[in-house]
Amino acid sequence: MSAIPFDFSGSVAIVTGGSSGIGEITALMLAKAGADVVIAGRKEAPLETAAENISAASGRRCIAIPADVREQDQAQQLVERTVEQCGRIDVVINNAGKGYHAPLRTMSAEVWQNDIALNLNAAFYCAQAALPHLIASGRGAVVNISSLAGINGTMGVGAYSSAKAGLQMLTRVAAAEWGPRGVRVNCVAPGMIATEKAQAGWAKVGFDAQGACEAFPLRRPGRPEEVAAAVLFLASEAASYITGETLTVAGGPQLKGMIDV
Ligand SMILES: NC(=O)c1ccc[n+]([C@@H]2O[C@H](COP(=O)([O-])OP(=O)(O)OC[C@H]3O[C@@H](n4cnc5c(N)ncnc54)[C@H](OP(=O)(O)O)[C@@H]3O)[C@@H](O)[C@H]2O)c1
């Protein structure tokens, strides 16, 4: 991607799930746009590697803080350690997420609760813990990463779809409650994005991603940096009058008609 048209100089951003895929490229692009970045994830080794790579490529600080953001106390510690090390928080990107494949008729309560914990609860815990610092920032912004599954619903990932829909409502209510305190909250809903892990997951269940893309006007899976660009826009001052919105990044709407066009 060419020059990044947003300025995050002097800002500190937390990106959950920053060790791979959309989160990693978002953290890199924030750093290239001038932010110091904290990335969080559970596995220390890939997190450290990503932080080193982001620092080297951007010349900015990128700090790896291991955390399982499904746990409220770990989300709180992530925020506290960020403030200890970086002094402030201006941006929170709630990106950590994943969906487990199981039909609703046999899905266990454990699977259901885990998908809700990761894809919905974690965003609430991180944003709420960071809120005093986002207010103090004067330009605080949260961007939640939902999914097209949270708009249309996807069979086989019922818990994930439900959590991602809930995340869009969390975005709206938090935006309404926190807007008067100067904090914006928005959401990005990616469609099929060809991250390394997503591609491996598609292969594992025999999903024909390119074939499925024929239903979308742009006829291809998205690239992680195309999602990150939308995230940076919503987190930036360029979106200073936008809050409570969900921006779909999915190659266009799937429309059916009655005649050939
Ligand atoms: N790729 C797509 O096609 C697509 C489409 C729609 C929406 N999305 C959404 O976009 C976001 C990123 O997706 P991606 O494909 O880029 O994911 P990814 O490559 O699988 O990366 C997921 C990241 O989340 C971290 N993570 C997982 N569980 C965590 C936990 N409990 N606590 C903290 N971090 C955790 C992972 O690190 P650890 O495993 O080390 O914790 C990793 O850094 C997700 O919210 C996903 O639902 C993706």
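Q: What span should the 29 residues of helix H4 have at 1.5 Å a residue?
A: This is a predicted model. Helix H4 covers residues 109-137 and should span 42 Å. Its end C-alpha atoms are 39 Å apart, which agrees.

Q: Where does the kink in H4 lie?
A: The kink is at Leu131, shortly before the proline Pro132. The angle there is about 55°.

Q: And what does the residue just after H4 do with its phi?
A: That residue is Gly138. Gly138 takes a positive phi of about 85°.

Q: Which residue other than glycine has a positive phi near 55°?
A: Arg219 does. Most residues other than glycine have a negative phi.

Q: Where is Arg219 found?
A: Arg219 sits in the loop between helix H8 (209-213) and helix H9 (224-235).

Q: Does Arg219 count as buried or exposed, and why?
A: Arg219 counts as exposed, because it has 11 C-beta neighbours inside 10 Å. The cut-off for exposed is 12 or fewer.

Q: Back to H4. Is Leu134 buried or exposed?
A: Leu134 lies in helix H4. Leu134 is buried, because 25 other C-beta atoms are within 10 Å. Buried takes 20 or more.

Q: What does Leu134 touch?
A: Leaving out residues up to four places away in sequence, Leu134 touches Ile89, Val92, Gly140 and Val183.

Q: How far apart in space are Leu134 and Ile22?
A: They are 23 Å apart, C-alpha to C-alpha. Along the sequence, 112 residues separate Leu134 and Ile22.

Q: New topic. How many residues does the largest nonpolar core have?
A: The largest nonpolar core has 77 residues. Val37, Ile39 and Cys126 have the most contacts inside it. H4 gives this core its largest share, eleven residues.

Q: Tell me about Val37. Which strand is it in, and is it buried or exposed?
A: Val37 lies in strand E2. Val37 counts as buried, because it has 31 C-beta neighbours inside 10 Å.

Q: What is in contact with Val37?
A: Setting aside its neighbours within four places in sequence, the contacts of Val37 are Ala13, Val15, Ala27, Leu30, Ala31, Ile54, Arg60 and Cys62.

Q: What separation do the C-alpha atoms of Val37 and Ile63 have?
A: It is 6.4 Å. Along the chain, Val37 and Ile63 are 26 residues apart.

Q: Now the ligand. How many residues surround it?
A: There are 30. The closest are Gly17, Gly21, Gly41, Arg42 and Gly97. Helix H1 (21-32), strand E2 (36-41) and helix H7 (196-204) each give two or more residues to the shell around the ligand.

Q: Which element gives the most to that shell?
A: H1 does, with three residues.

Q: What classes of residue are in the shell around the ligand?
A: The shell has twelve nonpolar, twelve polar and six charged residues.

Q: Last helix. How far does H6 reach from its first C-alpha to its last?
A: Helix H6, residues 158-178, reaches 30 Å. That is close to the 30 Å expected for its 21 residues at 1.5 Å a residue.

Q: Which residues of H6 are buried?
A: Among them are Gly158, Tyr160, Leu167, Leu170 and Trp178.

Q: What do the buried residues of H6 pack against?
A: They pack against H4, strand E5 (141-145), helix H5 (149-152), strand E6 (184-190) and strand E7 (246-249).

Methods:
Residues are numbered from 1 along each chain as its sequence is written. This is a predicted model: local features need pLDDT of at least 70, side-chain atom pairs count only at pLDDT 80 or more; totals for chains, interfaces and linings use all residues. Helices (H or I, at least four residues) and strands (E, at least two) are DSSP runs, numbered from the N terminus. The expected span of a helix is 1.5 Å times one less than its number of residues. The bend at a residue is the angle between axes fitted to the seven residues ending there and the seven starting there. A nonpolar core is a set of buried Ala, Val, Leu, Ile, Met, Phe, Trp, Tyr and Cys residues joined through C-beta atoms within 7 Å. A residue is near a molecule or strand if its C-beta atom, placed from the backbone, lies within 6 Å of it. Ala, Val, Leu, Ile, Met, Phe, Trp, Tyr, Cys and Pro count as nonpolar, Asp, Glu, Lys and Arg as charged, and the others, Gly among them, as polar. Two residues are in contact if their C-beta atoms, placed from the backbone, lie within 7 Å.
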